[in-house]
Amino acid sequence: MKKQVPLFITFLFGTVMILATFIPHYPFKLADTEMSMFFDILAAFAILLGGGNLMRIHVTKVAKHKKGWAYSLITVVGFLTMLIVGLFKLPLGPTSGVGLENSQLYMYKLYQFVLRPLQSTMFALLAFYVASASYRAFRAKNREATMLLLAAFFILLGRTLIGTAITAYLPGIVEIFFAIVLGWVAWDQSKSKNWVIVGLMGAIGLFLLGRTIYGYGVVLTGGEMEFITIPKLVNWIMIYPQMAGQRAIMIGICLGVISMSLRIILGVERSYLGSDTE
Amino acid sequence: MEATTKKTIIYIVLGAFALWLILWTAFGPMESPFSWQGLGLWVAAFLSLSILSFLYDDNPFYKVAESLFIGVSAAYYIVYSTWNALVNYLLVKLWPSAAKNLIPELEIKEIHIGEWLWYFLALVMGIMLVWRLAPKGGWISRWPLAVLVGWAAGMNLTRYLVSDFTKQVQTTLIPLVVLQPDGGSIAWYETLSNITLVGGVLCGLIYFFFSVEHKGVFGKASRLGIWIIMITFGAAFGYTVMGRVALLVGRMEFLFVDWMRIVAQ
């Protein structure tokens with residue numbers, strides 16, 4: 001009974017939601033709007049449950065004077081302060097509006113001067129850890145790491161002003177860079193006698209180098225030549241190879257979500273119900 | 001360096017910084033903490049510096065800021081969801097006059113008994129969910145949890161199927177050979193780009209396909225697939241770095257411009 005009823009409810013709601021996609025008529029038509037409100041209400045109760053649980057843990061810690069109880073006390077005080085000023089919408093003075101975004105509410109001030117600085121500094125702190133992660137990632141230990149390094153490097157250059165500046169002052173730098181990289185790959189592959197790859201990489205590298213030299217010739221004789229710029233290269237990376245990888249990942253995730261959803265609806269996956277001892 | 005020497009240096013630096021702040025507030029353009037706005041700025045600056053102090057080491061200032069962050073953010077989301085979902089959606093349907101008292105500008109519509117019962121059921125389910133906090137009968141919360149899980153599973157199944165599968169496959173089915181607008185010769189840039197896209201998606205999918213051993217042609221395609229995926233990860237990584245650095249610049253701007261006013265606003 002403790003598990004059978006929830007399993008039936010899951011099956012019922014899951015099936016109704018699937019059917020609602022295919023049957024755009026009453027009562028299934030209502031499933032989309034009414035169910036989404038129902039879901040929002042339950043989600044609000046779930047957040048209440050989370051808050052309640054947080055308080056239970058920290059109040060117990062304070063009451064029993066466990067290690068670090070003073071920090072738990074700060075959590076409890078911060079929680080209750082925000083809860084009281086928010087739920088009662090305590091105003092700083094006479095106010096006309098009643099929305100939570102009203103700047104004359106204590107809650108707004110708490111958000112502006114406490115929550116927002118804490119939140120954004122916490123995320124900003126990650127910049128330093130990302131920097132150390134970059135150092136580790138940017139050591140091109142193998143080909144895969146090199147691909148990651150190159151993509152990240154060009155994105156960082158191409159999406160900032162420095163990328164535009166580099167290619168404006170050094171036209172043809174992208175072609176020369178890739179010609180060198182491809183030349184290095186061809187030389188590396190020649191040791192393994194992969195002649196097809198050597199030929200292909202060498203040909204593309206020579207083509208890029210030749211095009212750049214030809215371009216310089218054209219520019220020096222007063223003509224115009226369109227070199228590859230870093231922002232253009234980044235746009236191409238984003239639209240083609242990056243998108244290809246993203247699509248492969250999205251399709252993979254989608255197949256995973258579908259199979260997991262079916263497992264849940266059919267009652268094969270039951271871990272969300274917890275253990276039998278509850 | 002010895003631990004005591006290290007501590008002494010930190011205390012000296014902190015003391016000098018505090019002294020400079022006092023002088024800068026008294027004689028410089030910095031706002032004093034004795035007004036509501038000034039107090040807010042000082043609190044925000046203190047909390048920002050407390051979080052940044054973690055870069056040195058885990059310390060009581062960071063722990064205070066972290067604990068406060070946990071409590072305040074949890075309550076903030078509770079308040080937000082209470083007003084937005086529980087009052088706006090639930091109370092307004094079940095007890096319109098009470099909702100009108102809380103939010104006078106709310107438009108109250110007549111609802112029929114079926115709708116009322118539907119929202120009453122939502123209330124009952126919500127109470128059952130919170131029942132998990134009670135010492136006994138925690139299993140009762142499984143019913144509303146089953147509603148949430150069932151709804152999300154059914155909804156995601158069809159939604160993902162359309163947006164992340166059908167649409168993605170549709171947009172990948174593009175011509176592999178693109179001709180110039182006059183129809184005469186091949187447009188090499190577009191052709192190679194399209195081949196990269198289609199080939200990249202196929203190779204990426206092959207990399208995720210584990211039912212066949214990755215050997216021979218399949219292995220080579222899988223290898224190409226991981227390269228494509230690495231480019232995607234590299235791009236995502238680049239954007240993450242930029243986002244975090246932008247946030248850091250924002251915080252520095254707050255500290256040096258809004259709070260200390262070293263740089264003119």
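Predicted model: local features only at pLDDT ≥ 70, side-chain atom pairs only at ≥ 80, totals over all residues.
Start with chain B and two of its helices. H7(B) covers residues 188–208, and H8(B) covers residues 216–259. Their axes come within 7 Å of each other. They cross at roughly 105°. An angle from 65 to 115 degrees counts as roughly perpendicular, so H7(B) is roughly perpendicular to H8(B).

Which residues make this contact? From H7(B) come Gly200(B), Cys203(B), Gly204(B), Ile206(B), Tyr207(B) and Phe208(B). H8(B) supplies Phe218(B), Ala221(B), Ser222(B), Leu224(B), Gly225(B), Ile226(B), Ile228(B) and Ile229(B). By type, 10 of the contact residues are nonpolar and 4 are polar. None is charged.

Pick out one residue from that list. Ser222(B) sits in helix H8 of chain B. Is Ser222(B) buried or exposed? Its relative accessibility is 6%, so Ser222(B) counts as buried. Set aside its neighbours within four places in sequence. Ser222(B) is then in contact with Cys203(B), Ile206(B), Tyr207(B) and His214(B).

Now cross to chain A for another pair of helices. H5(A) spans residues 143–158 and H9(A) spans residues 230–239. The two axes come within 9 Å and cross at roughly 125°. H5(A) and H9(A) are therefore oblique to each other. Their crossing is left-handed.

The residues that meet here can be named. H5(A) brings Phe154(A), Ile155(A), Leu157(A) and Gly158(A). Facing them in H9(A) are Ile230(A), Pro231(A), Leu233(A), Val234(A), Ile237(A) and Met238(A). This contact divides into 9 nonpolar residues and 1 polar residue, with no charged ones.

Next come the nonpolar cores. The largest has 46 residues. Which of its residues touch the most other members? They are Phe79(A), Met82(A), Met107(A), Val114(A), Leu118(A), Ile51(B) and Trp259(B). H3(B) gives the most, with 12 residues.

Not counting residues up to four places away in sequence, Ile51(B) touches Leu118(A), Thr121(A), Met122(A) and Leu125(A) in chain A. Within chain B, Ile51(B) touches Tyr62(B) and Ala65(B). There is also a second, separate core of 26 residues. Its members include Ala20(A), Leu86(B), Tyr119(B) and Ala146(B).

Finally, look at the backbone. Most residues other than glycine have a negative phi, and most peptide bonds are trans.

One is the peptide bond from Tyr26(A) to Pro27(A), which is cis, with omega near 0°. Pro27(A) lies in the loop between H1 (4–22) and H2 of chain A.

Another is Lys193(A). This residue is not a glycine, yet its phi is positive, at about 60°. Where is Lys193(A) found? Look in the loop between helix H7 (173–191) and helix H8 (195–220) of chain A. With 61% relative accessibility, Lys193(A) counts as exposed.

Arg261(B) also has a positive phi, of about 55°, although it is not a glycine. Arg261(B) lies in the segment after H8 of chain B. Its relative accessibility is 24%, so Arg261(B) counts as partly exposed.

How values were computed:
Residues numbered from 1 in each chain as written. Chains lettered and ligands numbered in written order. Heavy atoms only, no water. Axes fitted to C-alpha atoms, helices over the stretch in contact; angles between N-to-C directions. Helix = DSSP H or I, 4+ residues; strand = E, 2+ residues; numbered from the N terminus. Parallel < 35°, antiparallel > 145°, perpendicular 65-115°, else oblique. Contact = heavy atoms within 4.5 Å. Nonpolar A, V, L, I, M, F, W, Y, C, P; charged D, E, K, R; others polar. Core = buried A, V, L, I, M, F, W, Y, C linked by side-chain atoms within 4.5 Å. Buried < 20%, exposed > 50% of the residue type's maximum accessible area, 1.4 Å probe, protein only. Left-handed = near helix turned anticlockwise from the far one by under 90°.
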